[in-house]
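Keep the 3D view open as you read.

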Amino acid sequence: MKLIQFHLPKLGKRVGVVTREHQVIDVTSPESPGVLEVLELAYKERVTLGVLLADIQEKVSTPPPMRFTAFQSAESVQEDDGLTLEKLDVLPDDNIPHLMVPIDTPEVWGCGVTYKRSADMRDDDTQQDIYSRVYHADRPEIFFKGTLSRCVGPNGHIGIRSDSKLTATEPELAYVLGAEGDIIGYTLCNDVSAWDIERENPLYLPQSKVFYGCCALGPMFITPSEVDDPYNLDMKCTILRDSKEIYEGMVNTSQINWKFEKLTEFLMRDNPIPFGTVVSTGTGIIVPNDLPLAPNDIVKIEIEGFGTLSNPVKQL
């Protein structure tokens, strides 16, 4: 199942199921006003999302008059008002329907140096071997990335720190954790990072990673049943400047050096992790140093079936 959060004028945040045809079924209810609440309710009641959403729709009599039954695939349901993922994929504006961050995550954590090309590049730039040592070590690099207030959804502005001259995009596959550390879903993540600050001194990593607009998530929350193999996904990143493509990079997640369960094990050691926490798994797409992000750039990250996470860039 693929879920989104979206805004409707006068109604605010809504929860939607996305069909294969990219139609959107509104499944919002008072008891599940967001995707996080839907997931928590399904966990609490020990039911599948399909059964839960069918039950919610039985109780909701307010528009839109959609029906979503546990015995009917989302792909077969027709959206009456023509609401589609494409129509929602626009710049955020309270006066028009638009996509929001796919889950109101309480925390985002990042994993670094999980791809060999990332380790090699960072050691070359810093003339140190600390990154290669981490890549080959028994303990992964894990860092706190941010909270919901620092995150943006599709088409929201990602930021360039005011004290950085080399801020870069880091396209990543991210997963969402349940109450017991199990993976309950996936999404795309842009781990925006001030590389020059980190390279000046590795102890500056938190300042390199944590600031307003440092993390973009979306466009959808995708359940594990929709992902055949998370370690065999082709990811693409494109950067547009003045409507012209200035960079394109690709990687397959098969090149990642860690299993996600192992990353989670280290993350949760003596560290309480709330339900709905997002874990970003590291980048294997390294943008050249001579192409730092600039104001008004557009960064697009895509994986087939996951949609495209597109974000404009803003100077903070």
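A residue is called buried when its relative accessible area is under 20%, exposed when that area is over 50%, and partly exposed in between, using a 1.4 Å probe and protein chains only. Before we use that, a word on the source: this is a predicted model, where local features need pLDDT of at least 70, side-chain atom pairs count only at pLDDT 80 or more, and totals for chains, interfaces and linings use all residues. Residues are numbered from 1 along each chain as its sequence is written, and side-chain values use heavy atoms, with hydrogens and water left out.

**Two helices**

Helices (H or I, at least four residues) and strands (E, at least two) are DSSP runs, numbered from the N terminus. In α1, the buried residues are Val35, Leu36, Val38, Leu39, Leu41 and Ala42. What do the buried residues of α1 pack against? Their neighbours are β1, β2, α2, β11 and β13 (215–222), where contact means heavy atoms within 4.5 Å.

Now look at how α1 (residues 35–45) sits on α2 (residues 49–59): they pack at an angle of about 105°, and their axes are 10 Å apart. That makes α1 roughly perpendicular to α2. The word covers angles of 65 to 115 degrees; under 35 counts as roughly parallel, over 145 as roughly antiparallel, and the rest as oblique. Axes here are lines fitted to C-alpha atoms, for helices over the stretch in contact, with angles from 0 to 180 degrees between N-to-C directions.

On the α1 side, Val38, Leu39, Leu41, Ala42 and Glu45 do the touching, and they meet Leu49, Leu52 and Leu53 of α2. Just after α1 comes Arg46, with a positive phi of about 55°.

**Strands at the start of the chain**

Two strands pair if DSSP finds at least two bridges between them. Strand β2 (residues 12–18) has partners in both β1 and β3:

| Pair | Sense | Bridges | One bridge |
|---|---|---|---|
| β1 (residues 2–8) and β2 | antiparallel | six | Leu8 with Gly12 |
| β2 and β3 (residues 24–26) | antiparallel | three | Val17 with Ile25 |

The hairpin of β1 and β2 has three residues between the strands, and Lys10 takes a positive phi near 75° there. In the hairpin of β2 and β3, five residues lie between the strands, and His22 has a positive phi near 65°. Is β2 enclosed or open? Six of its seven residues are buried, so β2 is largely enclosed by the rest of the structure.

**A five-stranded sheet**

Further along, five strands form an open sheet in the order β8-β18-β17-β14-β15, with mixed pairing. At the edges stand β8 (158–160) and β15 (244–252), each with a single partner strand, so one side of each is left without a neighbour in the sheet. From one strand to the next, the twist averages 20°. Strand β8 runs parallel to β18 (residues 307–315), joined by three bridges, and Ile160 stands opposite Gln315 in β18.

**Inside the protein**

Asp191 lies in strand β11 (residues 183–191) and is buried, with a relative accessible area of 2%. Among the residues Asp191 touches are Phe143, Lys145 and Glu170.

Which residues have the most contacts inside the largest nonpolar core? They are Ile4, Phe260 and Phe306, in a core of 82 residues. Such a core is a set of buried Ala, Val, Leu, Ile, Met, Phe, Trp, Tyr and Cys residues joined through side-chain atoms within 4.5 Å. Contacts of Phe260 include Leu173, Tyr175 and Pro230.

Technical notes
Lists of a residue's contacts leave out its neighbours within four places in sequence.
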